[in-house]
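Let's take a friendly walk through one protein model, looking at one helix and some charged pairs. Keep the viewer open as you read.

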Amino acid sequence: MTLLRVEDLRVTFHSGRRRVEAVRGVSFTVGKGECLAIVGESGSGKSVTARTLVGLTGPGSDIEAGRLEFAGRDLLTIGPRGWRAVRGRQIGLVLQDALVSLDPLRTVGAEIAEALGDHDDRRARVLELLAEVGVPEPEQRARQHPHELSGGLRQRALIASAIAAGPSLLIADEPTTALDVTVQAQILALLAQRKATGTALLLISHDLAVVAGLADRTAVMRDGVVVEAGPTAQVLGDPQHPYTRQLLAAVPGAHPRGTRLSGGQAPRVARAASVQRQPVLEARGLTKHFGSRVAVRDVSLTLHPGEILGLVGESGSGKSTVARVALGLLAPDGGDVLLEGRPWSALRERDRRPLRRRIGVVFQDPLSSFDPRHPVERIVAEPLGVIGHPRRDRRRRVLQLLDQVGLGAAVLDRRPIELSGGQRQRVAIARALAPGPALLVCDEPVSALDVSIQAQVLDLLTDLRAELGVAMLFISHDLGVVHHLCDRVAVMRDGVIVEHGPVGPVFAAPVHPYTRELLAAVPRLDVVTPGTAR
């Protein structure tokens with residue numbers, strides 16, 4: 001039974017004299033108990049398409065369609081009051097960032113209760129919904145605010161709110177991006193359960209492995225147009241359009257070292273890290289407490305020049321605490337850190353400051369770490385001023401750094417908001433490289449990027465390692481990225497490293513049960529032949 005029918009959908013945004021066609025002639029259907037995935041890069045029009053279905057395209061938008069029908073109702077003619085009746089009650093929406101989507105001033109229980117309207121026993125139903133989506137101790141969680149919950153629990157609470165009124169269609173817009181792999185698996189299992197009970201799903205995602213495990217059909221969007229559509233097994237197993245093949249080729253995983261994910265010429269062969277050379281970073285027996293909680297316990301790591309070490313684990317495992325200790329932002333309660341053979345964590349900050357140029361950091365969200373008022377030239381040049389680089393030579397050095405990360409003079413005067421996500425991350429890498437570090441600490445640097453942009457940044461990091469011999473401590477929840485990029489991997493759980501070794505053997509034959517659990521939870525992009533079972 002067809003629940004949603006979209007024919008020749010066109011969405012245009014107007015800003016002054018500027019006119020942008022975000023969606024151009026898109027058509028699809030979704031049936032009861034069916035999952036349709038829409039995939040594509042940022043700017044492809046997939047999220048605009050989803051928001052059109054709940055009347056949230058915003059001011060300055062024009063919507064045209066041959067047909068835009070839900071459960072036999074014409075969505076083009078219902079008006080604001082009609083949208084309020086449809087949105088939430090008949091069509092639920094789950095967004096990517098639950099911390100932003102949930103009201104920070106209300107408890108989780110109050111948020112869900114609002115969606116229930118005049119339900120007879122709202123409190124009991126709230127607890128039932130929280131239990132239904134797998135939230136432990138629902139009575140306690142219902143009294144908590146969003147910031148008191150982990151990312152996975154927030155996302156479950158958001159889903160509970162979205163399904164509270166029993167919608168027959170659930171739109172999930174990037175519902176698992178930036179979640180740990182085991183939490184991601186739990187959210188996907190929850191969505192699959194809703195699908196099995198007859199709920200229609202529209203999944204918006206750039207993660208093709210997630211799509212492969214959940215979607216019955218897939219539509220690939222680019223520049224506002226669907227370039228390929230069909231059964232998921234066919235689209236991902238035997239793609240016909242070059243863009244679909246490009247997306248599939250960019251998915252990181254167990255590719256041989258030196259494989260260029262984004263296409264083009266193969267990168268230079270990376271310098272092999274030499275165990276005979278002095279380590280860039282040595283962490284010895286690190287322990288860190290926060291009150292009565294032990295965040296890190298007896299952690300030891302070594303990084304040599306030109307080596308990339310992946311640090312993986314779920315939220316709360318201690319990996320970010322290790323990174324902050326390595327950066328000298330936290331003092332360990334036990335153990336110490338050496339940087340290029342010299343004391344680092346034991347120094348007073350005024351003595352550490354001259355050495356800070358030897359260690360750089362790349363964060364997950366560069367937009368939040370840049371001053372939005374400053375152009376790229378000033379952002380990249382800032383650390384040059386700190387290290388005393390001659391003012392007359394700074395522009396030349398900035399241009400050199402931008403060329404090194406695949407940008408150029410064209411972005412010098414642009415501000416962060418005017419750059420794409422991939423460009424911003426390249427600027428962040430250029431800024432981190434400016435003082436000439438021996439070590440880069442990369443904290444989830446590609447988790448929020450589209451798969452093809454992610455591939456470009458991974459290729460860039462591989463090239464920089466080859467050219468500069470810089471070592472990297474690479475923190476990630478994406479095991480495919482770690483498998484492709486890193487030489488060694490350390491798996492953390494509850495503040496302890498439970499497994500450590502070369503990335504190939506650890507991923508091929510994990511010894512610790514927790515490592516096996518993480519690997520088992522990774523969504524698989526199994527390339528299948530059309531007509532075979534998935």
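A residue is called buried when its relative accessible area is under 20%, exposed when that area is over 50%, and partly exposed in between (1.4 Å probe, protein chains only). This is a predicted model, where local features need pLDDT of at least 70, side-chain atom pairs count only at pLDDT 80 or more, and totals for chains, interfaces and linings use all residues. Residues are numbered from 1 along each chain as its sequence is written, and side-chain values use heavy atoms, with hydrogens and water left out.

**Salt bridges**

A salt bridge here is a side-chain nitrogen of Lys or Arg within 4 Å of a carboxyl oxygen of Asp or Glu. The whole structure holds 23 of them.

| Pair | Closest N and O atoms |
|---|---|
| E69 and R67 | 3.0 Å |
| E137 and R141 | 4.0 Å |
| E307 and R488 | 2.6 Å |

How exposed are the partners? E69 is partly exposed at 23% relative accessibility, and R67 is partly exposed at 33%. E137 is partly exposed at 48%, whereas R141 is buried at 17%. E307 and R488 are both buried. Salt bridges can also link up: D103, R106, E111 and E114 form a network of them.

**Helix α21**

Helices (H or I, at least four residues) and strands (E, at least two) are DSSP runs, numbered from the N terminus. In α21, residues 513–521, the buried residues are Y514, T515, L518, L519 and A521. These residues lie on the same side of α21, because they cover an arc of only 165° around the axis, taken from the directions from the helix axis to the C-beta atoms.
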